[in-house]
Amino acid sequence: ILRIIMSLCSTSLEKARLFKQATVDGLTGLYTRRYFDVRLDEELHRIKYKGGEIFLLITDIDHFKNFNDTYGHQQGDIVLRELAGLVMNYKKEEMERIACRYGGEEFGIILINTNEKKAASFTEELRKVCEDHPFSGQKEPLKVNFSGGLSGASQKRILNAAEFIKRSDDLLYQAKEAGRNRIYEYGKEYRK
């Protein structure tokens, strides 16, 4: 009986380890894109039937390729880890979120159980917190900015996941084309 219990415990621990490995990005500690896509579908399904609003922010670190070319990829990794920490922990108790490493230097953040005003305020504050954060790894702290696109969905404005992502992604690229270090919000002028 003891061997069976030990075997079951070992199998459970291994499954938990594999689940974490499959759903959490090893560098940043944020969710992987694949898991994020599943959660986005779940949240869209939830608001369709139960109401409420969700918002999707897609961010991209400004001039990150130049940053890596100047300081090296190890320094870039430090920036990604620290920025992920800001994304996960800024106003953690006040704003429910699901965050992922969306691409190389892109993050996706689903803001849950909030409204448009709070989502917009939070994203702008997060941009400012990043702008003011002294990123470590060099003799002098480094400064990093990001641009973002924010869009929302509700029971009245249902989007499928692909449309929702495209809307936020298009806004992100508009923000970058307009000069970077700003958030474009669907239906509104940019904020910086």
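Me: Which residues does F164 contact, leaving aside its neighbours within four places in sequence?
Reply: This is a predicted model: local features need pLDDT of at least 70, side-chain atom pairs count only at pLDDT 80 or more, and totals for chains, interfaces and linings use all residues. Residues are numbered from 1 along each chain as its sequence is written, and side-chain values use heavy atoms, with hydrogens and water left out. Contact means heavy atoms within 4.5 Å. On that basis F164 is in contact with L40, L44, I54, F55, L56, S151, G152, A153 and L159.

Me: Is F164 buried or exposed?
Reply: F164 is found in helix α6; helices (H or I, at least four residues) and strands (E, at least two) are DSSP runs, numbered from the N terminus. Buried means under 20% relative accessible area, exposed over 50%, and partly exposed in between (1.4 Å probe, protein chains only). F164 has a relative accessible area of 0%, so it counts as buried.

Me: How far apart in space are F164 and L40, C-alpha to C-alpha?
Reply: The two residues are in contact. In sequence, F164 and L40 are 124 residues apart. In space, their C-alpha separation is 9.4 Å.

Me: Which residues touch the most other members of the largest nonpolar core?
Reply: A nonpolar core is a set of buried Ala, Val, Leu, Ile, Met, Phe, Trp, Tyr and Cys residues joined through side-chain atoms within 4.5 Å. In soluble globular proteins, nonpolar side chains tend to be buried together. The largest core here has 28 residues, and those touching the most other members are I61, V79, L83, F107, I109, L111 and F135.

Me: Which element gives the most to this core?
Reply: Elements that each supply at least two residues are β1, α3, α4, β3 (106–112), α5 (116–132) and β4 (146–154). Six residues come from the element that gives the most, α4.

Me: How many residues apart in sequence are the parts tied together by D60 and K176?
Reply: A salt bridge is a side-chain nitrogen of Lys or Arg within 4 Å of a carboxyl oxygen of Asp or Glu. D60 and K176 form one, with the closest N and O atoms 2.7 Å apart. D60 lies in strand β1 (residues 53–61) and K176 in helix α6 (residues 161–177), so the pair ties together parts separated in sequence by 116 residues.

Me: Are D60 and K176 buried or exposed?
Reply: D60 has a relative accessible area of 6%, so it falls under the buried cut-off. K176, at 11%, does too. Both residues are therefore buried.

Me: Which residue forms a salt bridge with R33?
Reply: R33 is partly exposed, at 31% relative accessibility. The closest N and O atoms are 3.1 Å apart, and the partner is D37.

Me: What is the N to O distance in the salt bridge of D69 and K65?
Reply: D69 and K65 are four residues apart in helix α3 (residues 64–71), so about one helical turn separates them. D69 is exposed at 52% relative accessible area, and K65 is exposed at 60%. Their side chains meet at 2.9 Å.

Me: Which side chain of opposite charge is nearest to E82?
Reply: E82 lies in helix α4 (residues 73–89) and is buried yet has no salt bridge. Lys and Arg count as positive and Asp and Glu as negative; His and the chain ends are not counted. Not counting residues up to four places away in sequence, E82 touches H133, P134, F135 and S136. The nearest opposite charge is 7.3 Å away, on R81.

Me: How many salt bridges does a search of the whole structure find?
Reply: The pairs include R33 with D37 and D60 with K176. The search of the whole structure gives a total of 16.

Me: What share of the 192 residues is buried?
Reply: The protein has six helices and five strands. From the N terminus on, they run α-α-β-α-α-β-β-α-β-α-β. Buried residues make up 43%.
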